[in-house]
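Subject: Structure handover

Hello,

I am passing on the structure we spoke about.

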Amino acid sequence: QDKDTKMTEFWLISAPGEKTCQQTWEKLHAATTKNNNLSTNSKFNIPDLKVGTLDVLVGLSDELAKLDAFVEGVVKKVAQYMADVLEDSKDKVQENLLANGGKALIMIYLSFESEKSFKSYSGSLDTVPFLFIFKGVNQIDNDLKARASAYNNLKGNLQNLERKNAGSLLTRSLADIVKKEDFVLDSEYLVTLLVIVPKLNYNDWVKQYETLAEMVVPRSSNVLFEDQDSYLCNVTLFRKAVDDFKHKAREYKFLVRDFQYNEEEMKADKEEMNRLSTDKKKQFGPLVRWLKVNFSEAFIAWIHVKALRVFVESVLRYGLPVNFQAMLLQPNKKTMKKLREVLYDLYKHLDSSAAAIIDATMDIPGLNLSQQEYYPYVYYKIDCNLLEFK
């Protein structure tokens, strides 16, 4: 599919059956494809559910609107967290989530073999177990919070350690830079200091370090490491001259780092970093698999809710007996306005008072004003652009 013209947005609409529902479908399909190919269409088959009273339907309509918002929120959270987990491969997230055996999840579920999907709902519509959907999606939401919290914690600890081992010589850990042989250890009188010397002042250092205090060991300084701005140098002197040396060094912009060579501590830091890194790698695969599976579950639940909403709104709007065709349109980006016009022309006869309704503040059954979009046909948008990258 041409990425420039295809939307990740779908319109789920329904219109009353004409002589037959098939005729409704053919009419829409002809009108939207004959000129400019305004949209890609498929039937969206919703089985006949037993209908309760009008009051029950109006109540269901409100409940479904809330459920829809909740489930959509969870679908987007799972997708967004997948983007966080994949880090550098964010651009692959959408395809990663929506690919299922090479086909887009979207098209599989939106084409919707719903007779099978609705097996779990029996009885009249007022006993459709919303709880069944809510509980399942709520469980995914809770599991996501727990898993994300554990993984983020691990990732955060690892990042903190990595930060300690990076950055400028003034602040970074020196444990992975220095070696035992850079120090005079276990001496009663002598001690080795580590000094950060700005590169611009290095010549001064070479000239001056032996005379910055009494009792500095001659030729005891070497460059151990460098970053963009500075050198890390060692210098050995008598312990009692350390305070003098630090004070004088500051005047020349040489900074003595507070550092004690401790092999055990350094080894423990390195092991901790390896452990966290290994843990993160171990958790990554299962977490991505969990996200894929549960994205799929939440997405299916979301489409179920949309199907139920279309059913309820269609019965409220078009009346009984149940006789409507639900259809799924994937608009072409460049011709959306034209598609709206074609749909309006097709269905404006359904609602002569459409203009009045838009201004009405009273509560009209079957009209969800919170959508802020009213059309003479039943309309729901399914926005499959699931990632808002910051």
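This is a predicted model: local features need pLDDT of at least 70, side-chain atom pairs count only at pLDDT 80 or more; totals for chains, interfaces and linings use all residues.

Residues are numbered from 1 along each chain as its sequence is written, and side-chain values use heavy atoms, with hydrogens and water left out.

Cores. A nonpolar core here is a set of buried Ala, Val, Leu, Ile, Met, Phe, Trp, Tyr and Cys residues joined through side-chain atoms within 4.5 Å; buried means under 20% relative accessible area (1.4 Å probe, protein chains only). The largest one has 70 residues, and Ile13, Leu28, Val71, Leu291, Leu343 and Tyr347 have the most contacts inside it. Elements giving it two or more residues include strand E1 (9–16), helix H1 (21–33) and helix H9 (263–318) (DSSP runs, helices being H or I of at least four residues and strands E of at least two, numbered from the N terminus). H9 provides the largest share, 19 residues. Leaving aside residues up to four places away in sequence, Leu343 touches Trp11, Ile13, Leu28, Leu329 and Tyr377 (heavy atoms within 4.5 Å). A second, separate core has 19 residues, among them Val195 and Cys233.

Pocket. The lining of the second largest pocket has 16 residues, with Val191, Thr192, Phe259, Gln260 and Tyr261 nearest its centre. On a 1 Å grid over the protein atoms alone, a pocket is an open set of points where a 1.4 Å probe fits, with protein on both sides within 12 Å along at least five of seven lines; lining residues have an atom within 4 Å of a point. Strand E5 (190–198) gives the largest share of this lining, 3 residues.

Regards

Definitions and conventions. Buried means under 20% relative accessible area, exposed over 50%, partly exposed in between (1.4 Å probe, protein chains only).
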